[in-house]
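Q: I would like to learn how to read some features of a protein model. Could you walk me through a few, please?

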Amino acid sequence: MAGWRAASTGVGAGTRGVRGVRGVRWRRAVSQAGRSIAVWGVSTLTMLVLAGILPDFRLQSADGDSSTTIAVTAAVGAGVFGVLSALVWPLLVRLLLLVPALVLGLLVFFLNGSLLLLALRLNPSGQSEAAPETAVIVAAVMSAVASATGGALAVRDDDAYRRRLYRLADRRRRGGPACPGTPGTVFLQLDGVGHDVLEAAVRKGLMPTVARWLGRTPDADGAATHRLTPWRTDWSSQTGASQLGILHGSNHDVPAFRWYEKDSGEVMVSNRPTSAAELQRRAVERTGDGGLLSADGASRGNLFSGGADEQALVLSIAVRRRSRETRSRAGYFAYFSDPANAVRTALSFVAEVVREIAQSTRARLRKERPRVARGGLYPLVRAFATVVERDVVVAAVTGDMLAGRTAVYADLVAYDEVAHHSGPLGRDTEQVLGRLDRALALVEGVAEHAPRPYRIVVLSDHGQSPGETFHARYGLTLGDLVRAGCGLPVPRRAQRTHSGAEARAAVRAALRRPVEEGGGRRSPAGRGSEPIVLASGNLGLVSFPDVPHRMSKEEIDARHPALLSTLANHPGIGFLLVRSERHGGVVLGAYGAEIPLDRLDEDPGPLAVFGPGAADAVRRTHSFPHTADIMVNSFHDPADGEVLAFEEQIGSHGGLGGAQARPFLLSPLALSAPGEDGAQPAGAEDVHRILRRWLRESDGPEVPLEPRHKRGPEPLPRTTSEPATDTEPASEAAPEEHVA
């Protein structure tokens with residue numbers, strides 16, 4: 001009897017359960033229909049208001065119509081525009097994947113306007129029309145209002161919000177294995193944000209999310225969830241070297257951002273797709289491992305893939321054909337296929353262009369120093385980096401989290417781009433830091449709805465050091481100074497500078513003969529013997545292409561007797577590194593300083609002002625096969641952290657000196673401390689080992705404990721004794737919290 005009652009109760013419960021599920025589905029359908037009607041109604045009202053304001057947009061015949069007819073015309077037009085946006089827009093964006101991303105952002109307005117014109121033509125009343133330029137404005141306003149209305153209604157409905165977040169995850173994981181319950185890891189790289197800059201931003205209240213993680217807000221009650229640790233870069237403190245080492249475990253033979261390789265006669269540039277692909281190939285060949293993200297990983301907005309299966313906006317795959325899931329530009333389609341995303345980002349893009357023009361004008365009127373030119377295409381480049389790239393990458397990361405991916409690594413380049421032209425400290429960059437913090441808050445919020453727990457690690461690849469340019473201070477470029485030191489013709493503007501005159505005087509004294517005057521005249525030895533001078537921030541590289549090997553100090557002195565002394569004694573140059581037949585390698589400085597590399601620990605000489613680890617970084621670079629004939633590091637003032645960039649940048653990185661070599665790791669307390677016994681991580685390869693350890697602690701990808709290097713003699717070890725201070729992205733993932 002009891003069994004019968006239990007069975008009967010079970011059947012009844014099951015019946016009620018089925019009815020309950022059906023009831024929930026009906027309520028959801030009714031709720032969705034209600035929101036759609038509300039959005040349609042608001043769009044209709046928006047169209048009516050715009051028709052009354054804009055002279056070239058009308059919803060009635062020339063003879064006039066009744067209010068009812070005009071309202072119906074607006075309702076039909078708004079409805080047709082909404083349907084076209086939902087059905088046609090994704091197809092248009094897919095067709096435009098071949099268009100450069102920067103141009104795609106600008107085409108958003110015109111495509112939306114075209115859809116509105118089509119909607120007006122399809123209106124049965126036949127009485128509505130708009131000028132093309134007016135249609136662009138109307139479409140943009142209607143899309144923005146519809147997006148805001150839908151977002152506001154979804155926010156008020158928690159179930160709708162959760163369903164919206166889970167929709168993509170269900171689609172991505174349908175038919176696949178169940179999502180594991182172990183934590184996933186999201187690595188967010190804030191490109192160019194140094195440790196000291198992050199600390200200052202937290203103190204000023206610019207980054208409340210980071211402050212809360214560190215337990216430095218009143219509501220946190222001192223309960224920190226993350227630890228902040230600085231780490232030290234290699235000599236080449238730039239994204240190419242750092243990210244290659246972090247993602248692939250080896251940045252061997254990456255002496256700078258750009259360098260000349262004598263064996264191939266090519267100039268390698270880290271952010272050039274062909275060079276990035278070659279560097280990644282070399283790293284994989286050297287380590288014998290695919291990378292940090294080899295197992296169920298995603299790489300978003302990076303120079304290198306890290307071995308991830310899911311890749312979007314990854315430079316190293318841009319030179320080869322890939323599948324739809326892994327091609328570099330798939331992220332653009334996934335994001336811009338939502339017209340609301342497209343319009344919102346396009347409006348933010350325009351606002352950022354206006355903001356840059358206003359900020360650069362203000363700096364020019366105030367005669368701020370240092371200052372570099374910020375005209376031409378730069379406002380568009382800045383807007384792309386700070387708006388389009390950020391929005392697409394953040395959407396991709398949220399999509400990966402909702403899909404339950406094990407490891408995600410993404411690069412946000414906004415701060416680095418602005419700091420180069422506005423300086424690492426100031427109002428311009430502070431605004432960017434605030435928006436980056438809101439992006440972190442968005443990712444944190446999405447983690448609450450992901451199908452697995454996530455640990456968020458924030459890190460940077462390098463910092464930025466302030467200072468005016470070498471050219472602004474001395475009136476000539478590093479290339480001019482090298483040519484003068486070689487006795488080659490230099491531009492007349494460089495001849496008239498104090499540095500140029502001194503260099504030419506030194507050449508006369510060394511050669512005991514006149515030096516060629518400027519103009520375009522060739523040197524007697526011909527163009528093949530002229531040096532190639534490249535700049536990577538405040539690091540310069542001088543190569544002589546007609547000599548197949550790396551020249552020694554003795555060979556350079558015999559060929560150009562005044563060159564090394566001219567460079568080493570220049571006040572804008574900190575030190576030189578050259579190969580020596582007698583000592584293997586030497587560091588040269590002012591007043592005849594010449595210190596063999598194996599004696600730098602006892603006598604750092606000109607490296608003393610560059611801080612701990614400088615000697616190890618220089619020795620390691622000396623071991624690279626493609627190190628330049630002369631490596632030139634600029635002057636550095638430890639009092640204010642100033643360096644002198646050999647490029648047109650007032651916030652620079654790429655060499656030694658100041659904050660550029662001091663990035664950070666912001667890691668959850670649930671993970672082990674980065675350095676053993678409080679040691680500060682040294683070099684990007686060390687950071688790679690730390691990140692691999694954290695993935696193992698989360699039962700993440702099975703990455704080899706030690707890379708299987710195919711290497712010759714090991715470079716000299718670096719000291720780590722310094723104490724530490726502590727796919728398709730989701731285009732609709734939490735658009736209500738879009739980072740404006």
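A: Gladly, and let us begin with burial: a residue is buried under 20% relative accessible area, exposed over 50%, and partly exposed in between (1.4 Å probe, protein chains only). Helices (H or I, at least four residues) and strands (E, at least two) are DSSP runs, numbered from the N terminus. This is a predicted model, where local features need pLDDT of at least 70 and side-chain atom pairs count only at pLDDT 80 or more, while totals for chains, interfaces and linings use all residues. Residues are numbered from 1 along each chain as its sequence is written, and side-chain values use heavy atoms, leaving out hydrogens and water.

Q: Which residues in helix 22 are buried?

A: They are Ala614, Ala615, Asp616, Ala617, Val618, Arg619, Arg620, Thr621 and His622. Helix 22 (residues 614–622) is thus mostly covered, with 9 of its 9 residues buried.

Q: What do the buried residues of helix 22 pack against?

A: Contact means heavy atoms within 4.5 Å. The buried residues of helix 22 pack against strand 14 (573–580), strand 15 (584–588), strand 17 (630–634) and helix 23 (684–697).

Q: How many aromatic pairs are there?

A: Rings of Phe, Tyr and Trp (its six-membered ring) pair if their centres lie within 6.5 Å; planes under 30 degrees apart count as stacked, over 60 as edge-to-face and the rest as tilted. By this rule there are 5 aromatic pairs. In one of them, the ring centres of Phe187 and Tyr409 are 6.0 Å apart and the planes meet at 35°, so the pair is tilted. This pair links distant parts of the chain, since Phe187 is in strand 3 (residues 184–190) and Tyr409 in strand 9 (residues 407–412), 222 residues apart. Phe187 is buried at a relative accessible area of 0%, and Tyr409 is buried with 0%.

Q: Why are Phe470 and Tyr474 separated by about one helical turn?

A: Because they are 4 residues apart in helix 16 (residues 470–474).

Q: Where is Arg374, and what does its side chain contact?

A: Arg374 is in the loop between helix 12 (339–365) and helix 13 (378–402). A polar contact is a pair of N or O atoms within 3.5 Å; within protein, one must be able to donate a hydrogen and the other to accept it, and residues adjacent in sequence count only if both atoms are side-chain atoms. The side chain of Arg374 makes such a contact with the side chain of Glu356 (2.8 Å). Arg374 is also buried, with a relative accessible area of 10%.
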